[in-house]
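Here are my notes for anyone opening this one for the first time. Have the model up while you read.

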Amino acid sequence: MPGILFSSWGGEVVDNRGKAPQDFGAVTSIDLPEYFGDREIIKGFMGWNGIVIRSPDVDIVDLSRAYLTAVLDHSKTCGKCNYCKTGWEEMLDVIEDIAKGDATEEDLEFMQSAAEAIISNAKCSIGKIGPNPFLESLRYFADDFAKAARGERTVNRGTYRSKLTAPCMDACPLHLDVPKYIEHIKDAKFAESLEVIQERLPLPGTLGRACFRPCESRCRRAIVDEAISIKALKRFVADHAWDQRKSAPYTINPSETTGKVAIVGAGPAGLTCAFFLATRGHQVTVYEKLGHPGGMSVVGIPDYRLPRSILQQEVALLENLGVTFHFNQSVGKDVTLSQLEERFDAVFIGIGAHQSPAMGIEGEPEGYSGVFAGLDYLKAINDGQDPYPEGKTVVVIGGGNVAIDCARSSLRLNKEEVHLVYRRTRDEMPADPAEIQEAQEERVVFHFLTAPVRIRGKNGKVTGIECIRMELGPPDKSGRPRPIPIEGSGFVFECDIVVSAIGQLTDTAVLQGVEDVRTTPRKTIAVDECTKQSDRPKLFFAGDCETGPDSLVSACAGGRKAALSIDRWIHHQPLECDSEDHFDRFFRSVKVFEPNEKILKVESRSRLNPPALPLEKRVPGFDEVEQAFSAKEAVAEAERCLRCYQVATIAV
Ligand SMILES: Cc1cc2nc3c(=O)[nH]c(=O)nc-3n(C[C@H](O)[C@H](O)[C@H](O)COP(=O)(O)OP(=O)(O)OC[C@H]3O[C@@H](n4cnc5c(N)ncnc54)[C@H](O)[C@@H]3O)c2cc1C
């Protein structure tokens, strides 16, 4: 990387001070962005893995002071380790003296030993990792510190942006403070834990059951042994509060100016947006096409993974906040977007992606009975029906979660044979590996490297599906190996139900009569990434209709961001990316999670998984498979958390 004066990032020390730019050594361990946001130039950075200085304007003493201030601020939220409690404060006092030119050699030595004592005695990474960059600044910039301490040079004050993160927090689209809510569980403070979650998420019971848990895939504990069961811990506190009838009543902190907002679609995006607007005192009216809230979390995700009563409980809390729901109201048909635009100060649209694309194979246009789009199939099942009672052998096409849900739900309808056909291998399947595993245990038969070619039928009913074997070629646009048909390998599956689960699209008909809203080639709605505002300023979009089919947690994160923007819109404040957005971009570049990190001195302790319904009790029927942790199990699993907080301070 050109233009870096000094870097100690990740143990790679590159010292270009005093060299001509053409002789600068390259920094390979970090990709430090040039800008924080669009306007602020990044001059230097001090964080969990070292120091990077780009501009000679950066005064290392002042950068260290800013970093220590930020760490101290965050270490106060815990206060469990004595050395952390006092050490950071004392170091900060000394560095203030150094900045005033009023310190001694002993003060510098004291800072060194205080930082080392924190590392040796602290229990979490604020203390174990936090002092490292500071120790590096003392080591590599000793002269700058010594001269400042003796008053032989003036310490220049800079401008800084600091933030606390952790690999799990960073990976979560909502940036839930995972270490904090897990820490409360360690202390058996379950209500406090739930409050931390609810600061950003009004659907903890729902996501505690069905979140795809990006946090767990970035859990540092996995480097030692296995990731923490974060999703199951979230579910535990949500259920515990519910069982104790202690679900925290939400408080309304009205904004100075309040307005009227319409929400189109009561899926996770719409519900989250409604929640954040209602807690700011805005008058919120939700228009939902179906007769109930929840969107795909109810009509898509089957009951054995997420009982619909959970969502109902969580929505009841929203109703208590004064959110009004109009069900069976299809926007675009019963009321138009233009009418909503006239009646409300802003409109949020979270209509999801409910259209099923055709497979585009022969026999599909015949419309044989027994052929279903995955979403229609699941919607019927989740509504308590068997979509095609006379069918006994099911072939599901697809490799995502919808395909797995179709297959596992078919078993629960007591179908005799359930096959899943996927054109790549198990390694490329986008479905959650845990779901694939459970489907196999429950006796779904997987056929990898197989693609459908033609649907066969007789007397208007499906009788089978012709397939062809595939082999993997070079990567395609998605980066996954391209499946290539093997000539002459065709064969027929005899079956009486074919379910195609190959993706979902947004129905953009809702936009009819509304100009200026752009759609993308993927048939999603184009909005500003940070604010969720469309080209038509009163209309905000988020969730699957913005991102394409994604996840509950992304939809909630989009709904939250849109609510914050709508609040600003109602206050006539400018809508632009905020500090959290800038840090998101920054962390994507410098990488918060390092899978090859060496973590020392942590005793290995296996992950506790929540109990599951025994295999023989799962099929037929739709009883919930994953069960809740007991309080004892939850505390024990929480104790495995390494509390991997890390602080970033950027000189701008
Ligand atoms: C089968 C299946 C299983 C899944 N499993 C998981 C999982 O385990 N974990 C996970 O994280 N994600 C899962 N997902 C993805 C997740 O459900 C979605 O990403 C998420 O629900 C998207 O939320 P949303 O609010 O954007 O849209 P939706 O949940 O789709 O909600 C949109 C709402 O808008 C309503 N609507 C649509 N058009 C109109 C209109 N014109 N007027 C009024 N209302 C309208 C719809 O009826 C619906 O209620 C799954 C998806 C499917 C299909």
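1. Start with the domains, whose bounds come from an automatic or database domain assignment. The chain splits into domain 1 (6-167 + 645-651), domain 2 (260-354 + 506-570) and domain 3 (364-500). Residues are numbered from 1 along each chain as its sequence is written. Keep in mind that this is a predicted model: local features need pLDDT of at least 70, side-chain atom pairs count only at pLDDT 80 or more, and totals for chains, interfaces and linings use all residues.

2. Domain 2 and domain 3 have their C-alpha centres 31 Å apart. Where they touch, 8 residues of domain 2 are in contact (C-beta atoms, placed from the backbone, within 7 Å) with 9 residues of domain 3.

3. Which strands pair with E11? Strand E8 (residues 260-264) does, in the parallel sense over 4 bridges, and strand E21 (residues 539-541) also runs parallel to E11, joined by 3 bridges. Pairing requires at least two DSSP bridges between the strands. Phe 348 of E11 is the bridge partner of Ile 263 and also stands opposite Phe 540 in E21.

4. As for the whole chain, 48% of its 652 residues count as buried. The C-alpha trace spans about 95 × 60 × 55 Å along its principal axes.

Methods:
Helices (H or I, at least four residues) and strands (E, at least two) are DSSP runs, numbered from the N terminus. Two residues are in contact if their C-beta atoms, placed from the backbone, lie within 7 Å. A residue is buried if 20 or more other C-beta atoms lie within 10 Å of its own, exposed if 12 or fewer, and partly exposed in between; C-beta atoms are placed from the backbone.
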